[in-house]
Amino acid sequence: GMISMIDDYIGEVLTTLERLNMADNTIIIFTSDHGDYMGDHGLMLKGPIHLHGMLRVPFIWMDPGSHAAASVSSLASTSDIASTILSRVGIRPYYGIQGRSLLDALNGSGDYQRDAILIEDDRERVYLGMTEPQRIRTMITDRYRLTKYQPLEINELYDLADDPGETRNLWDDPESESLRAQMTERMLDLLIEYQDKTPLSPRAA
């Protein structure tokens, strides 16, 4: 029923755009803020555990300038949406904008490359019987998920190719020590890269 309701109202949006003669001048984006556990690991709804079902979200880009249907498997983040829109309409992004344009990936030009994405999750509510809200940082690559939780003393490292169900945490596996170090260093690089910059570039300030 919920899916049917979404379908009905998206249909109303599309019909209205056609009626107003705006369909040929409107980009439509369909996405969401998070996924749903849907029974993964016995969990329902949503929460501060970064399982793959929670992190993956739908992303559909309908562009009147392109009528070719395609499915793209590149790594992407919701923080990329603003940069993609600005790039599509020819507006230069402001200095320090987070995320990068997905146009090359959407157009299939092959120029879009990203080896990892960062997910930052700061909770305002107390979950799971803890005494303070959680702060979670996750890095996803084309093969692995690395997650660090605070104040929980939990770290996670999963090989999503060999273990798509995320049932074997490699963080404390002695054979994965080198991989853990590499992934942790890469996450640190991303945390520095994603740090907000000053409103103006140093040369303009």
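Residues are numbered from 1 along each chain as its sequence is written, and side-chain values use heavy atoms, with hydrogens and water left out.

The pLDDT is the predictor's confidence in each residue, from 0 to 100. The protein chain has an average pLDDT of 89, and 95% of its residues score at least 70. Where pLDDT is low, the predicted coordinates should not be read in detail.

Helices (H or I, at least four residues) and strands (E, at least two) are DSSP runs, numbered from the N terminus. Two strands are said to pair if DSSP finds at least two bridges between them. Strand β3 (residues 116–122) pairs with β4 in the antiparallel sense over seven bridges. At one point of this pairing, Asp122 stands opposite Arg135 in β4.

Strand β4 (residues 135–141) in turn pairs with β5, again in the antiparallel sense, over six bridges. A hairpin of two residues joins β4 to β5. Across this pairing, Met139 stands opposite Leu146 in β5, and the bridge partner of Arg135 is Gln150.

Next comes strand β6 (residues 155–159), which pairs with β5 in the antiparallel sense over five bridges. Here the hairpin that joins β5 to β6 runs through four residues. Tyr144 has Asp159 in β6 as its bridge partner.

Burial is judged by relative accessible area: buried means under 20%, exposed over 50%, and partly exposed in between (1.4 Å probe, protein chains only). Six of the seven residues of β4 are buried, so β4 is largely enclosed by the rest of the structure. Strand β5 (residues 144–150) is also largely enclosed, because five of its seven residues are buried.

Val126 lies in the loop between β3 and β4. Its relative accessible area is 43%, which means that Val126 is partly exposed. With contact taken as heavy atoms within 4.5 Å, Val126 touches Thr131, Glu132, Pro133 and Gln134, not counting residues up to four places away in sequence. The C-alpha atoms of Val126 and Pro48 are separated by 9.8 Å, although these residues are 78 apart along the chain.

Asp63 belongs to another loop, the one between β2 (59–62) and α3 (80–88). Asp63 counts as buried because its relative accessibility is 11%. Leaving out residues up to four places away in sequence, Asp63 touches Ile27 and Arg88. A polar contact is a pair of N or O atoms within 3.5 Å; within protein, one must be able to donate a hydrogen and the other to accept it, and residues adjacent in sequence count only if both atoms are side-chain atoms. The side chain of Asp63 makes such a contact with the side chain of Arg88 at 2.6 Å, and another with the side chain of Trp61 at 3.4 Å.

One more feature involves a ring. A charge sits over a ring if NZ of Lys or CZ of Arg is within 6 Å of the ring centre and within 35 degrees of the ring normal. The charged end of Arg180 sits over the ring of Trp171, 5.3 Å from its centre.

Note on methods:
This is a predicted model: local features need pLDDT of at least 70, side-chain atom pairs count only at pLDDT 80 or more; totals for chains, interfaces and linings use all residues.
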